[in-house]
Amino acid sequence: MNDATKSLMQRLIDRVFPRMPDFYGLINEQCDLAVEAMHLFASFLESADAGIGQKVRELEHRADDLKKRNIEILNASFSTPMDREDLYDAIVGIDHLVNFTKTTVYELHLYKTPPDKCMRRLSKQLTVGVEALRNGFALLDKNPADALPFAQEAHKSERKMKKVYRRGMVVLLNKDNFRAQYSDPSTTDPSTGPDELALDFVIYVIKRREIYRHLSHAADRLGRVSQLLNDIIVKLV
């Protein structure tokens, strides 16, 4: 069989049985961008730099483009290396984790609320969890059994985020902590009465609680993706 005949036969085979896209590589690309977004988000919470916040938003747009591309490839593919539902959930789940970075930056700006220690601790654990997911998904192609510890590490980060959230709420609801911020005469309006101070406290709590809760939802998503990774490992091993 000459080269021309081989080429024709290969084209016919590719037409009838299209080559399977590299879904492992596509997911890994999403994971790499998610880790980049988490580090940038953590940097924003440390500095409250508006320029870094804008970079977080831009990175989230790139993540959306990757998600859209991967779903289109999935829909057009003849075969997949794992369940289609699992692939779809992985593509969407990883993107949702990045979405939380942008929406948190937006809420902080909208509520005119500076980042605090609780938010930074939540971000730290979220970053650890997303890094674990990235490391786990990267092993699915060659050594899926070795990915299990990373799925467990991501799940552990979810539990730690829940603990940080609860502790943060205890501190947030402590009126003495809030009152201490207004004990300095140089930062307190002399005309502020007890009613105004009480209202300020309520507004202060509501704003921060909204952002804490938003990051708690990110922990929920982290937990779901870590469980998905665990399920995929079980199916592949």
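Helices here are DSSP runs of H or I, at least four residues long, numbered from the N terminus. I am working on a predicted model.

**Entry 1: Ile232**

I began with Ile232 and found this residue in helix H8. Is Ile232 buried or exposed? Its relative accessibility is 1%. The cut-off for buried is under 20%, so Ile232 counts as buried. I then listed its contacts, leaving aside neighbours within four places in sequence. They are Met82, Asp86, Phe137 and Leu140. I also checked Asp86 along the chain: Ile232 and Asp86 are 146 residues apart. Their C-alpha atoms are separated by 7.1 Å.

**Entry 2: Leu140**

Next I took Leu140, a contact of Ile232. Again I left aside neighbours within four places in sequence. Leu140 is in contact with Tyr24, Met82, Ala147, Leu229, Ile232, Ile233 and Leu236. Met82 is also on the list for Ile232.

**Entry 3: the core**

I looked up the largest nonpolar core and got 62 residues. Which residues have the most contacts inside it? They are Ile27, Leu97, Leu126, Leu133, Phe137 and Leu140. I noted the elements that give two or more residues to this core: H2 (23-47), H3 (50-76), H4 (84-110), H5 (117-137), H6 (148-172) and H8.

**Entry 4: H4 and H5**

I turned to the packing of H4 and H5. The angle is about 160°, and the axes are 12 Å apart. Angles over 145 degrees count as roughly antiparallel, so H4 is roughly antiparallel to H5. The crossing is left-handed. From H4, the contact uses Ala90, Ile94, Leu97 and Leu108. From H5, I read off Met119, Leu126, Val130, Leu133 and Phe137. By class, I find nine nonpolar residues, no polar and no charged.

**Entry 5: H3 and H4**

H3 passes H4 in a left-handed crossing. What classes of residue make up this contact? I have eleven nonpolar, six polar and seven charged residues.

**Entry 6: Arg208**

Last, I went back to H8 (residues 194-236) for Arg208. Arg208 has 8% relative accessibility and therefore counts as buried. Not counting residues up to four places away in sequence, Arg208 touches Thr113, Pro114, Asp116, Met119 and Leu172. I had already met Met119 on the H5 side of the contact with H4.

Notes
Residues are numbered from 1 along each chain as its sequence is written. This is a predicted model: local features need pLDDT of at least 70, side-chain atom pairs count only at pLDDT 80 or more; totals for chains, interfaces and linings use all residues. Side-chain values use heavy atoms; hydrogens and water are left out. Buried means under 20% relative accessible area, exposed over 50%, partly exposed in between (1.4 Å probe, protein chains only). Contact means heavy atoms within 4.5 Å. A nonpolar core is a set of buried Ala, Val, Leu, Ile, Met, Phe, Trp, Tyr and Cys residues joined through side-chain atoms within 4.5 Å. A crossing is left-handed if the near helix is turned anticlockwise from the far one by less than a right angle, and right-handed if clockwise. Ala, Val, Leu, Ile, Met, Phe, Trp, Tyr, Cys and Pro count as nonpolar, Asp, Glu, Lys and Arg as charged, and the others, Gly among them, as polar. Axes are lines fitted to C-alpha atoms, for helices over the stretch in contact, and angles run from 0 to 180 degrees between N-to-C directions. Angles under 35 degrees count as roughly parallel, over 145 as roughly antiparallel, 65 to 115 as roughly perpendicular and the rest as oblique.
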